[in-house]
Amino acid sequence: MSSAETEAAADFVAPGAARDWRGLRRALPLGLLLAVAFVIVPLAGTDYWFNAILIPFLIMALAGLGLNLLMGYAGQASLGTGAFMATGAYATYNLLLRLPDIPLPISLVLGGLIAGAVGVVVGLPSLRIKGFYLLASTLAAQFLLEWIFNQYGWFSNYSTSSSISAPKLAILGQDLSSPVGRYLMTLTAVVAIAAVAARLVKSQTGRAWSAVRDMDTAAAVIGVPVARSKLSAFFVGAAVCGVAGALWAFAYLGTVDARSFGLDRSFQVMFIIIVGGMGSIAGNFIGSAFIVLLPILLSQVSDRLFGGTVDAGQLANLQRIAFGALIIWFLIKEPAGLAALAERGWRRLRPSGTAGPERGSRPGNTGKIF
Amino acid sequence: MAFLIETLIGGLLSGVMYALVAIGFVLIYKASGVFNFAQGAMVLCAALTFVTLRDQGLAFWFAALVTLAIMVVLAIAVERVVLRPLMNQSQITLFMATLGLSFVIEGMSQLVMGASVHELDLGIVDTPVEVGPILVSQFDLVAAAAAGILVLALSVFFNVTRIGISLRAIADDPQAALSIGIRLQRLWRIVWGVAGFVALVAGLLWGSRQGVQFSLTFVVLKALPVLIIGGFTSIAGAIVGGLIVGAADALAEIYVGPLLGGSVSTWFVYVLAVAFLLIRPAGLFGERAIERV
Amino acid sequence: MSASSAGPILELRDVSLSFKGVKALNALSFAVARGEICALIGPNGAGKSSLLNIINGVYRADEGEVVFDGAPFRRIRPLEAARRGIGRTFQHNALFKRLSVIDNVLAGLTRHSRTTLVEHAFGLPRDLAESRALRARAEDIIEHLELTPHRGTVVSTLPYGVQKRVDLARALVGRPSLLLLDEPMAGMNQDEKRQMSRFVTEANAVLGATVVLIEHDIGVVMDLSHHVVVLDYGRKVGDGTPRQVRNDPDVIAAYLGTVH
Amino acid sequence: MNILRQRIRRAAALFAVAAGVGAALPAAADDAKQQYFPLATFRVGAYASSGIPVWAGTIDYLRYINEVEGGINGVKLFWDECETEWAVEKGVECYERVKGGKNGSPVPIFLPHGDPITKALTEKSVADKIPLVTIAHGRTEAIDGRVFPYSFPAVFTFWSEASSAINFIAERAGGKDKLKGLKIATVYHDSPYGKETQTPLALLAKTYGFEDIQIPVPHPGNDQSAQWARIRQLKPDWVFLRGWGVMTPVAIKTAAKVGFPVDRIIGGVWSGSEEDVRPAGKVGKGYLAITPFPAGADFEILKKIKEHIVDKGKSDLKDLKSFGSVYYNSGVNEAIIAVEAIRTAQKKFGARPINGEEGQWGLENLNLDDARLKEIGAYGLQQPLKLSVRDHEGGGAGKVLQWDGEAWAIVSDGWVKSDRELLLPLIYERAAAYAKEKRITPRPDPTSN
């Protein structure tokens, strides 16, 4: 997905805008992609693809989206992503457990909102501190929340292992516990949230976020409510991460404990948006593909090339080195993220002139936030 | 009361060990504005190299020298391959690059030197010393003394030598520093090399405390709140921050943990650090820039 | 605008400010009459930008108070200042550099928005209507400041002079009653200065904004402004019409003299 | 433009190579007649130091079966490795990658070898009908095979570990009645794994009248001055140490630092390997540990592996120092259970590759009595074991080792049994609660009628 498509997505969901035939034409590739994702993939995919690749890829892209809204658009760096995901997962679990009459999609949304509320609290220090100090302060939330979920049995219904496990996944009586069902549920949630996010970043709210990111003192002076914008970014970003966490727990793993949402997860999501592109919706998907799928690809390729001939431990170490080196290489080659690369490619693939004028905020910058 | 004092002393001594790791961060942050997450991997790499060399039968000082040489080579490579191409990128990009770097260093270390756990014996006797009713660890005393000497040496190095003055100039105003002819790349190499030396000392002390193994990289997590409290740019801050974190950690574990029914040290010092930040937004010793518009 | 519309729109009473012990402003007092263009002049380091920063709340005065529209304050938050109708441009580029011109200008309208996050997220009718209205206002000001060719361009890619105009557009679009301009013509050539002067005059005459500006080009200042305040080392050394100031021996000694 | 094209071309070339290599590999035609046995290993990252010897033990035993015994009843084993780094998602990916079998040969048993991975696979394994064998980790409630049909926390659950440790203390004290009034502190890794023993220890404390003190150590546990300061203050008679990774050597060192006698510390299964105690150096001498994987190279089967595999340079072990270590032997132990379960299943289903459902039958009918253990050469290395639908654990005993500074010596009186009859009702109760929450209808137990 290129970010031109994301713009198309925004047009796609904005009534009226799609009437413009050019908007329609731009929406077409996205429509095709969605058709493939919703129709062809479920027919053609295997359990392996759903369970091991597509579902985690989509969920991590969603978590990336949450962090990107917060960090890429609003400029508030956070390493609390794991904690937000955990909050969403544990909140949704408890809603499903304690209020079984609420349908699954609503519990998911409510779980996300609870994560958003926690996000606001975590974001309070952002009113006073910036940059790495803010980043470091979100770590407090990361460790504290992880500890709380692990420590107090109530959150996991006093399970012996403090872990939570998915109830039967069903919407309107439709069983979704099969791999395809879980894939479709994840895909629907991700597409819906991405559509709303695409809309949001182009709205007043999104503009205020970008203003705060680019120059918060000037933003305040010209009348942008800086504090409210920061907190609303924390709210929305954490809520999206919360839904991602709930999906991670229920649609992907089935059973998780708080360690699944540790600091490593926060770093992984940050990698996704840096590699994919800050301030780009499509970048989350590209970044997620890179971070989630590359290790799998590396391991499959190296198994096939060297399996049996090279010592397995050495091979695993080489993969780790290759993964780290590739990250550095991409950061050097494409500091604005792969989304910028994809977008340039996209523009070149189309005849000149139809690529559309410069409009709104675009990636293609270096994503400096501090 | 004796127990309180004993806990406090134990905590303060641990704090010096945290400060030791934090100083590595401070040096690099001051010189290149990079929050170097690979510092943990460097600690592991240094300790693992040293132990492997010792296992090959090298003498202590010789092993230390060879390890130091390797760390310097690593510093030069990092400057050339990672930092220089990423100059002028945002700090967060550089931060992420150091995360990638930590994968590379960890992978390389384990690839070359294996993953097994090594014992590291520095020959420091570790029988407890009793001062009245209070028990003090001899090892911790020695470690704290070593850290103290290191800090003193670094302070002298950075306050007296030309390099130190250049470093302060860079930290104050990179543009101006460049314009008066400070060679940034050479400075970076030196500072990363010194950070490698600090990593070696930290690796030796931590390694002999817990064995040389992968989890040496985790000491970073305790160094972070030290940095938040002390400020990213101050060596003195790292020391004071380390002492605060060590003492708070130990006291909280004893007096707060039981109230909450668990171990609080994963998060307590972080929350404390945030509390400090809210009062001093750039750490205790960090300078807060005046906003100019 | 309010009951106090008879008095001056802005009055400073004994305002002092210091940074780390260095006095930037020293018991400064003057008033700006409603509807005038008031120029602040003085050498670098005279405290002019600091003064603007106090008026719209970026800095807090150590002593003294500011009266805006009849309401006195020692400290005001920047957002509150904007809400009360104080607009501002910046000496150094303080645009939202990754946003387009139109988005920068639209950001200046944020304080006029009455819609909520939820309406934005789902594109509810109220948001759509408001967006249309705000966009129309922004387009209006863009056209007015002759920025139409650049409207979709990311501002960081624009020439400096154009960026200065975007800055003015962003401040003007919110219809401020008091407009603070910090060196709006710095680094411009004569044509650009003339154009900018025209825009400032129009903002004052057509849109009715009282203007306080900082400018180094004395020629421009004398042509443009109704009222000149001269600062030196945080003190006021002159206050009056351009002609009075030009002939004030203190001013000549402290400032003008050194230029000529 | 050119750069982009070039990049696309390069990427395409890389893919072509990968795909080509995949296609070019000869699909072993007779794989279908062999038994696939995929291994989700961890040789990288924080836990590599334990993973490397574990998998070496497993692989060496499988090689031994293939090369010396000609396979299981003539059915040879073949395997792939998949690196998990002990991380959940990677483990799940590996499981998904291999669960369909290979070249027509199904997966009989999967060894997740990690507590979080096991939990993530618990339900998937039921859907896929692939038994998970998790020796000395995994959910304790999964003992109840009626509720957890495909989870096998075989040999030694965490609850048994706790109970055996207490019983060893009783052995040392001179009888269970002597437990009364003792102070026993558990220093545990503050994680679900670490907390798992709180419930059984509370029950045992109530039953025997000792004082149960719980002291958590946060992950990773590289500084424990506060915890051991508390130990010094509380002065317990024994410390039961349930660590993981670096926590154990730091605990031993810190204990020495505060003057707590090391021979009064009993490590749990994951605090009881050479890798745990060696970094502690000299002060580790005298340290105790309870384990279902006794160390030593003198067991019959280890001698055979040494002769046929290690000495012929076919061992997976790079550092031969680890031969006969706790972790190496645990790998051998796990492989023995898997191979014997396949063998049992073959008795019913025929000498051919076994699938997961048949593997489940094989496990639930596994009976390793002393006679069979002697045949295998694992007498003393593995405890007698009999699994059933109601009992997926089977054994529940451990041996206690003591570190002499260089190696482990077995110091307990044979296998120290746990009080399973006391704990089982509570375990079944918990399994039933799990079934209720998850709306699982427990499978009937064919043997109970």
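In this predicted model, the largest nonpolar core comprises 456 residues, and the members that touch the most other members of it are A:Leu62, A:Ala89, A:Val240, A:Leu247, B:Ala22, B:Val43 and B:Ala47. Helix H10 of chain A, which covers residues 226-253, contributes the largest share of this core, with 20 residues. As a general background to such an arrangement, nonpolar side chains in soluble globular proteins tend to be buried together.

In chain B, the unreviewed UniProt entry places the feature "transmembrane region" at residues 12-29, 34-53, 59-82, 94-115, 135-158, 187-206, 226-247 and 259-279. Two of these spans may be described through their computed geometry. Residues 226-247 of chain B are 82% helix and 0% strand, with end C-alpha atoms that are 11 Å apart. For residues 259-279 of chain B, the corresponding values are 67% helix and 0% strand, and the end C-alpha atoms lie 26 Å apart.

In chain D, residues 41-370 are listed by UniProt, in an unreviewed entry, under "domain: Leucine-binding protein". This span of chain D is 45% helix and 12% strand, and its end C-alpha atoms lie 30 Å apart.

Strand E14 of chain D, formed by residues 397-403, is largely enclosed by the rest of the structure, because six of its seven residues are buried. The pairing of E14(D) with other strands of chain D was examined next. Strand E11 of chain D, residues 288-291, runs antiparallel to E14(D) and is joined to it by four bridges, and within this pair D:Ala289 stands opposite D:Leu401 of E14(D). Strand E16 of chain D, residues 416-417, is likewise antiparallel to E14(D), with two bridges between them; here D:Ala397 stands opposite D:Lys417, which belongs to E16(D).

A further antiparallel pairing, over three bridges, links E14(D) to strand E15 of chain D, which consists of residues 408-410. In this pairing D:Trp403 has D:Trp408 of E15(D) as its bridge partner. E14(D) and E15(D) form a hairpin with four residues between the strands, and in this hairpin D:Gly405 takes a positive phi near 105°. For the reading of such strands in general, the side chains of a regular strand alternate between the two faces of the sheet.

How values were computed. Residues numbered from 1 in each chain as written. Chains lettered and ligands numbered in written order. Predicted model: local features only at pLDDT ≥ 70, side-chain atom pairs only at ≥ 80, totals over all residues. Core = buried A, V, L, I, M, F, W, Y, C linked by C-beta atoms within 7 Å. Buried ≥ 20, exposed ≤ 12 C-beta atoms within 10 Å, placed from the backbone. UniProt positions renumbered as here; feature names shortened; annotations may be inferred. Pairing = 2+ DSSP bridges.
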